Amino acid sequence: MAATCAIVMWVHPSAFGEPGHNARLQAPVDSGADLVKILVYRLDFERYKANIKGLTQFGDRRQGTDRNRRAIDWIEAQLQSFGCANIERLKYDYQPPNPDIRSTIANSAGGPGTPTPSGATSVGGGTPRGLRVQTGINNDPNAQPDPKLRELNAQPSAPGIREEIYCTKVGTIHPDEMYMVSAHLDGIGWGEAANDDASGTALVMELARVVSGPDVRTERSVRFIFWNNEETGLNGSSAYVEKRKDLQGQENPPGSGRYPEPKWLGVIQHDMMLFDHGMPLEDGTVSKRQRPEADINIEFQANSAFAAQSQALAWTLEQANEKYAADYPARVGSHMTNTDSNPFMNAAASISVRENERGTEIGNGWDPQWHQPTDLYATYDDKDFRLGLNAAQTTLAAIAKLAGATVARRNP
Ligand SMILES: [Zn+2]
């Protein structure tokens, strides 16, 4: 342990090519040091994959089941091992409005690719293009050929109390303000929900690990949140908004310097990070290989109260991607929909980070594993996993800038 005699300085990452500047931090800095790059470099491809694999041991992690609860306990143990502080759980009661609503939707994937009619509008408001195939949710156990996975996913969901989990890096200068980095831990479809959404959950875990490093500080707080009940209609994130919106920025207890719910500066949601193989072909299949021009889709919702702030946040990530993501570019769109950042969009800057646009592309059948028994860890290869890692690089670089991350450096 060579740290014994080290002199520690706190230095500030320069903001994407602009000169680093922070009047509060007077420590000498190497003029060439790019501390965002140092943080991004700490993201570990093998750890990211291992996080996904670890989540898939709980099958599809359907909400209201033991396998879902075990996944939450497992995430908590990982967060503890990372040193992510202030681990908390939000509890809420979930009573399905109609327990049969999901089981009535059969697997309707498949069939030939057909042209999207001109003038069509996707959920979220976008204009879909090109060939499309039908999508659906598999609710048939026998569609899962692996008997072990069938058994693992067999317990049905029961109404009642649900939990979701988060940990928080408390800001050193502005503990009363925070960014939220999130994904949903529950899944559906009788597979392993590897892409939807172990891929986003694993990303948030890996960011929590890096930002929780003992030599990392942030001026503003950063909360890493793992939602439950996304697949039933954003119920976990909606419960959070309902229960915590009015607590924002309140010091509690008064005079303590503690802010249980810092003011929401932005929400960055990650849901389905791996698969960008292009649009369906005429035979209704999708290419087996990641397309070389794959990109990360960052969406805000033009039709929301915080559209301007959300758009600015989206472009901050796009610029972070240009400078710090290794392989894949990012693209900004204006039709964020059907994800856990939506319940926040009229209260704070809110964006979604994904493999494809949710409305125009995933909704047109670009991801054949979506809610299917084939959403398995083994379905994806390293090119897919690297798209997810590039999204992690993008969000981490943006958060480092936005939250004012600093890294302690040793004086030689
Ligand atoms: Zn999802």
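Donors are N, O and S atoms within 2.8 Å of the metal (3.2 Å for Na, K and Ca), and because water is not among the atoms, sites may look incomplete. This is a predicted model, in which local features need pLDDT of at least 70 and side-chain atom pairs count only at pLDDT 80 or more, while totals for chains, interfaces and linings use all residues. Residues are numbered from 1 along each chain as its sequence is written, and side-chain values use heavy atoms, with hydrogens and water left out.

Select the zinc ion, which His184 (NE2), Asp196 (OD), Asp271 (OD) and Asp271 (OD) coordinate at 2.0 to 2.6 Å. Along the chain these donors have the spacing H-x11-D-x74-D. Histidine 184 lies in strand E6 (residues 174–184) and aspartate 196 in helix H5 (residues 194–211), twelve residues apart, where helices (H or I, at least four residues) and strands (E, at least two) are DSSP runs numbered from the N terminus. Both histidine 184 and aspartate 196 are buried (under 20% relative accessible area, 1.4 Å probe, protein chains only).

Next, select helix H2 (residues 45–56) and helix H8 (residues 382–402), whose axes (lines fitted to C-alpha atoms, for helices over the stretch in contact, with angles from 0 to 180 degrees between N-to-C directions) come within 10 Å and cross at roughly 100°. Phe45, Tyr48, Lys49 and Ile52 in H2 meet Asp382, Phe385, Arg386, Gly388 and Leu389 in H8, contact being heavy atoms within 4.5 Å.

Finally, go to arginine 289, in the loop between strand E9 (263–270) and strand E10 (296–299). Arginine 289 touches His277 and Lys383, not counting residues up to four places away in sequence, and its C-alpha atom is separated by 9.2 Å from that of tyrosine 380, 91 residues apart along the chain.

Note on methods:
Buried means under 20% relative accessible area, exposed over 50%, partly exposed in between (1.4 Å probe, protein chains only).
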